[in-house]
Amino acid sequence: MEIKNTLVVGHRKGERILVPWRNSNGLLIAGIPGTGKSTTASYYIHQYAYKGTKFIICDYNAALGTGETLLSRVNHLEDTFLYPPATTKKQIEDYIYQIQKIGDDRYSGRQTDHFPILFVIDEFPAFIYDYSPPQVTNTKVSGDKKSDEGETRITERAPDFIVTGK
């Protein structure tokens, strides 16, 4: 396998484990704090940047000022960022909708300039868990029954959206 069209995903017995980079549609890095998740994500981001990928970087911890973050590790790649990095839950939520719009525009033919995009959310659980339960938007009263109807917030469906695009 030619190295220029691949990503290095690991090593086994002194040999690189390679995958075709265009076949790498998603990646989840999970682990306990301090095990190198952000370092690993940075490693992959650098490889993707070399291949011409554009990024949407969302780093929930960057705004907290808690030391080295994923954003601090890749900020020198700012020319590859499709949008400025998101560090607040509102910005991250806006980018989740924006990536959906990009996908819709590409699928419908409204956007013909196709290039790889990597959508990165560091500290995704912290982003999701920081939300309170959905707010009730209205109450319907029908006969003796009362029911609450609320809008589904992006954070409730974000995991499904990020995996399926729906």
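Mentor: One term before we start: helices and strands here are DSSP runs, numbered from the N terminus. Keep in mind that this is a predicted model.
Trainee: Okay. Where does Trp21 lie?
Mentor: Trp21 is in the loop between β2 (15–20) and α1.
Trainee: Is Trp21 buried or exposed?
Mentor: Buried. Its relative accessibility is 8%, and the cut-off for buried is under 20%.
Trainee: What does Trp21 touch, leaving out residues up to four places away in sequence?
Mentor: Asn5, Thr6, Leu7, Tyr48, Lys51, Thr53 and Pro116.
Trainee: How far is Trp21 from Lys51 in sequence and in space?
Mentor: They are 30 residues apart in sequence. From C-alpha to C-alpha, the distance is 8.3 Å.
Trainee: Let's switch to α1. How many residues does α1 have?
Mentor: α1 has 14 residues. It reaches 20 Å from its first C-alpha to its last, close to the 20 Å expected at 1.5 Å a residue.
Trainee: Which residues of α1 are buried?
Mentor: Ser38, Ala41, Ser42, Tyr44, Ile45, Gln47, Tyr48 and Ala49.
Trainee: What happens just after α1?
Mentor: Gly52 takes a positive phi there, about 95°.
Trainee: New topic. How many aromatic pairs does a search of the whole structure find?
Mentor: Two. In one of them, the ring centres of Tyr43 and Tyr44 are 5.5 Å apart.
Trainee: Why is the pair of Tyr43 and Tyr44 edge-to-face?
Mentor: Because their planes stand at 70°, and planes over 60 degrees apart count as edge-to-face.
Trainee: Are those two tyrosines buried or exposed?
Mentor: They fall into separate classes. Tyr43 is partly exposed, at 39% relative accessible area. Tyr44 counts as buried, at 11%.
Trainee: Which helix gives the most to the lining of the second largest pocket?
Mentor: α1, with three residues. Both α1 (37–50) and α2 (70–74) supply at least two.
Trainee: How do the lining residues of that pocket divide into nonpolar, polar and charged?
Mentor: One is nonpolar, seven are polar and six are charged.
Trainee: Thanks, that helps.

Definitions and conventions
Residues are numbered from 1 along each chain as its sequence is written. This is a predicted model: local features need pLDDT of at least 70, side-chain atom pairs count only at pLDDT 80 or more; totals for chains, interfaces and linings use all residues. Side-chain values use heavy atoms; hydrogens and water are left out. Helices (H or I, at least four residues) and strands (E, at least two) are DSSP runs, numbered from the N terminus. Ala, Val, Leu, Ile, Met, Phe, Trp, Tyr, Cys and Pro count as nonpolar, Asp, Glu, Lys and Arg as charged, and the others, Gly among them, as polar. The expected span of a helix is 1.5 Å times one less than its number of residues. Buried means under 20% relative accessible area, exposed over 50%, partly exposed in between (1.4 Å probe, protein chains only). Rings of Phe, Tyr and Trp (its six-membered ring) pair if their centres lie within 6.5 Å; planes under 30 degrees apart count as stacked, over 60 as edge-to-face and the rest as tilted. Contact means heavy atoms within 4.5 Å.
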